[in-house]
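Please look over the sequence and the model shown here before reading on. The notes that follow are grouped by topic.

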Amino acid sequence: MVTDEELVAAAREACERAYAPYSGYDVGAALLTRDGSVFRGCNVEMVTFTNTIHAESAALGAAVVAGHREFEAVAVASGDRDGVTPCGLCRQTLAELCEAGFRVLCDVGDGIEEWTLDDLLPGAMTGDEVATRE
Ligand code: THU
Ligand code: ZN
């Protein structure tokens, strides 16, 4: 079983791999699957800015390519330990495969601030609206 503290520790480790030469703002994420695996991601910045890969997206991509589609929680850590939460784009990205009760753990340095995906993106558009259209 992966504890919340271990998941945050994995996000902190991922943060150390961040490539953020333009903003200097390093971010790491660790995504916990329903069956107990952890996938990490970090931000990878591009000089053009818009196609920068966010830590949460990188972690989700790593999990999906390994065959996972069911998720329990994500931990997010910045180099500043400032309790960074997923940005708006990442909230929608997580909503693609994570349910409303999916937990988001934010590293605030001396503790963990916890949200649900529904807290961060209430009333999210889900695949259901599009997939059930006839
Ligand atoms: N960043 C993430 O990786 N995830 C987020 O959800 C917040 C923002 C990165 C993108 C950029 O490299 C840096 O943080 C500053 O915005
Ligand atoms: Zn983001």
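Leaving aside its neighbours within four places in sequence, Leu31 is in contact (heavy atoms within 4.5 Å) with Leu7, Ser37, Val38, Phe39, Ala59, Leu60, Ala63, Phe71, Ala73, Val74 and Phe102. This is a predicted model, in which local features need pLDDT of at least 70 and side-chain atom pairs count only at pLDDT 80 or more, whereas totals for chains, interfaces and linings use all residues. Residues are numbered from 1 along each chain as its sequence is written, chains are lettered from A and ligands numbered from 1 in the order in which they are written, and side-chain values use heavy atoms, with hydrogens and water left out.

**Nonpolar cores**

- The largest nonpolar core has 20 residues, and those with the most contacts inside it are Leu31, Phe71, Val74 and Phe102; such a core is a set of buried Ala, Val, Leu, Ile, Met, Phe, Trp, Tyr and Cys residues joined through side-chain atoms within 4.5 Å, where buried means under 20% relative accessible area, exposed over 50% and partly exposed in between (1.4 Å probe, protein chains only).
- At least two residues of this core come from each of strand S1 (27-33), helix H2 (55-65), strand S3 (71-78), helix H3 (88-97), strand S4 (103-107) and helix H4 (117-120), the helices (H or I, at least four residues) and strands (E, at least two) being DSSP runs numbered from the N terminus.
- H2 gives the most to this core, with four residues.
- A second, separate core of 10 residues includes Ala10, Ala11, Ala30 and Ala73.

- His54 lies in the loop between strand S2 (38-42) and H2, and Cys90 in helix H3, so the pair ties together parts that are 36 residues apart in sequence.
- His54 counts as partly exposed at 28% relative accessibility, whereas Cys90, at 2%, counts as buried.

**Helix H1**

- In H1 (residues 4-15), the buried residues are Leu7, Val8, Ala10, Ala11, Ala14 and Cys15.
- What covers the buried residues of H1 includes S1, S2, S3, S4 and strand S5 (112-116).

**Glu72**

- Glu72 lies in strand S3 and is partly exposed, with a relative accessible area of 35%.
- Not counting residues up to four places away in sequence, Glu72 touches Leu32, Thr33, Arg34, Phe102 and Arg103.

How values were computed
Expected span 1.5 Å × (residues − 1).
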